[in-house]
Amino acid sequence: MQKTRLIRLSLGAAFSLLPALAFAHPGHDESGVLAGVAHPLSGLDHLLAMFAVGLWAAQQTGRARWLLPLTFVGSLVLGGLLGFAGFAVTYLETGIAASVLALGLLVAAAVRPPEVLALVITGLFGLAHGIAHGLELPEMSSPAAYALGFTAATSGLHAAGFSLARWLPASAGTRVLGLASAGAGIALLAG
């Protein structure tokens with residue numbers, strides 16, 4: 001009963017972000033929270049990586065199930081602050097595409113590394129995505145509102161991935177989603 005309630009709440013949170021998809025394409029005057037929500041939802045690289053974090057968290061045991069998404073979000077915010085300050089990293093987009101591939105492979109193989117290693121991996125990927133978000137702060141937007149938006153969207157994507165992985169009848173379905181994400185990561189790296 002509690003599992004069903006968690007799934008419903010998580011899916012509700014994720015679906016509440018869907019209206020922001022309308023703002024995820026050019027031609028809208030995005031600012032603040034809406035721009036922040038749109039950023040992770042409009043880029044396939046961000047969307048897949050954040051969804052995969054939720055899938056991977058669902059494959060873990062114990063406190064790693066909630067620490068992975070929290071670590072990603074915390075690192076995302078830190079990276080966003082660095083991006084707002086103009087901190088740029090060479091090959092950032094390549095690193096973000098590589099995160100899609102790596103997270104997809106981790107899900108596909110249902111890897112359960114030591115907790116510290118899983119947190120380091122997740123934290124580094126979150127930091128990279130956050131820097132990218134921060135560097136793309138729209139002109140005239142409040143950094144705090146923008147950060148609130150991309151943090152909410154990221155949390156929703158994590159929740160959607162986690163819920164879907166918990167809902168799928170067998171772990172094989174989650175692994176297939178991981179393979180699909182890894183394949184998209186390869187395409188992003190090649191493109």
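Rings of Phe, Tyr and Trp pair if their centres lie within 6.5 Å, with the six-membered ring used for Trp. The views below come from a predicted model.

**View 1. Two aromatic pairs are found in the whole structure.**
Phenylalanine 84 and tyrosine 146 have ring centres 6.2 Å apart, and their planes stand at 50 degrees, so the pair is tilted. Phenylalanine 84 sits in helix H4 and tyrosine 146 in helix H7, so the pair ties together parts that are 62 residues apart in sequence. Phenylalanine 84 is partly exposed, at 24% relative accessibility. Tyrosine 146 is buried, at 1%. Tyrosine 146 also pairs with phenylalanine 150. That pair is edge-to-face, with 5.4 Å centre to centre and 80 degrees between the planes. Tyrosine 146 and phenylalanine 150 are four residues apart in helix H7, so about one helical turn separates them. Both tyrosine 146 and phenylalanine 150 are buried. Phe84, Tyr146 and Phe150 form one aromatic cluster.

**View 2. The chain consists of eight helices and zero strands.**
Along the sequence the pattern reads α-α-α-α-α-α-α-α. The chain has 191 residues, and 47% of them are buried. Take the contacts between residues at least 6 apart in sequence: 83% of these join residues at least 24 apart. The accessible surface comes to about 9,300 Å². Carbon and sulfur atoms account for 70% of that surface.

**View 3. The largest nonpolar core has 31 residues.**
Trp56, Phe72 and Leu103 have the most contacts inside this core. Two or more residues come from each of helix H2 (32-42), helix H3 (44-59), H4, H5, H6 and helix H7 (143-167). H3 gives the largest share, ten residues. Leucine 103 is in contact with Ala49, Ala52, Val53, Trp56 and Phe125, leaving aside its neighbours within four places in sequence. In soluble globular proteins, nonpolar side chains tend to be buried together.

**View 4. Threonine 122 lies in helix H6 (residues 115-135).**
Threonine 122 has a relative accessible area of 1%. Buried means under 20%, so threonine 122 counts as buried. What does threonine 122 touch, not counting residues up to four places away in sequence? Its partners are Val53, Trp56, Leu68 and Phe72. Trp56 and Phe72 are also among the residues with the most contacts inside the largest nonpolar core.

**View 5. Arginine 63 and glutamate 115 meet in a salt bridge through their side chains.**
The N to O distance is 2.7 Å. The structure holds one salt bridge. Arginine 63 lies in the loop between H3 and H4, and glutamate 115 lies in helix H6. The pair links distant parts of the chain, 52 residues apart. Arginine 63 is partly exposed, with a relative accessible area of 49%. Glutamate 115 is partly exposed too, with a relative accessible area of 26%. Side chains of opposite charge can pair when their charged atoms come close.

**View 6. Six residues including Phe87 form a nonpolar patch on the surface.**
The members are Val77, Leu78, Leu81, Leu82, Phe87 and Val89. Together they have about 480 Å² of accessible area. Phenylalanine 87 lies in the loop between helix H4 (64-84) and helix H5 (92-108). Its relative accessibility is 43%.

**View 7. Alanine 110 has a positive phi although it is not a glycine.**
Its phi is about 50 degrees. Where is alanine 110 found? Alanine 110 is in the loop between H5 and H6. It is partly exposed, with a relative accessible area of 22%.

**View 8. Methionine 140 has a positive phi although it is not a glycine.**
The phi of methionine 140 is about 70 degrees. The residue sits in the loop between H6 and H7. Is methionine 140 buried or exposed? Methionine 140 is exposed, because its relative accessible area is 79%.

Methods
Residues numbered from 1 in each chain as written. Heavy atoms only, no water. Buried < 20%, exposed > 50% of the residue type's maximum accessible area, 1.4 Å probe, protein only. Contact = heavy atoms within 4.5 Å. Patch = residues over 30% accessible without salt bridge, like charges linked within 9 Å, V, L, I, M, F, W, Y side chains within 5 Å. Areas by Shrake-Rupley, 256 points an atom, 1.4 Å probe, with all protein chains shown as cover. Salt bridge = Lys/Arg side-chain N within 4 Å of Asp/Glu carboxyl O. Core = buried A, V, L, I, M, F, W, Y, C linked by side-chain atoms within 4.5 Å. Phe/Tyr/Trp six-rings, centres within 6.5 Å; stacked < 30°, edge-to-face > 60°.
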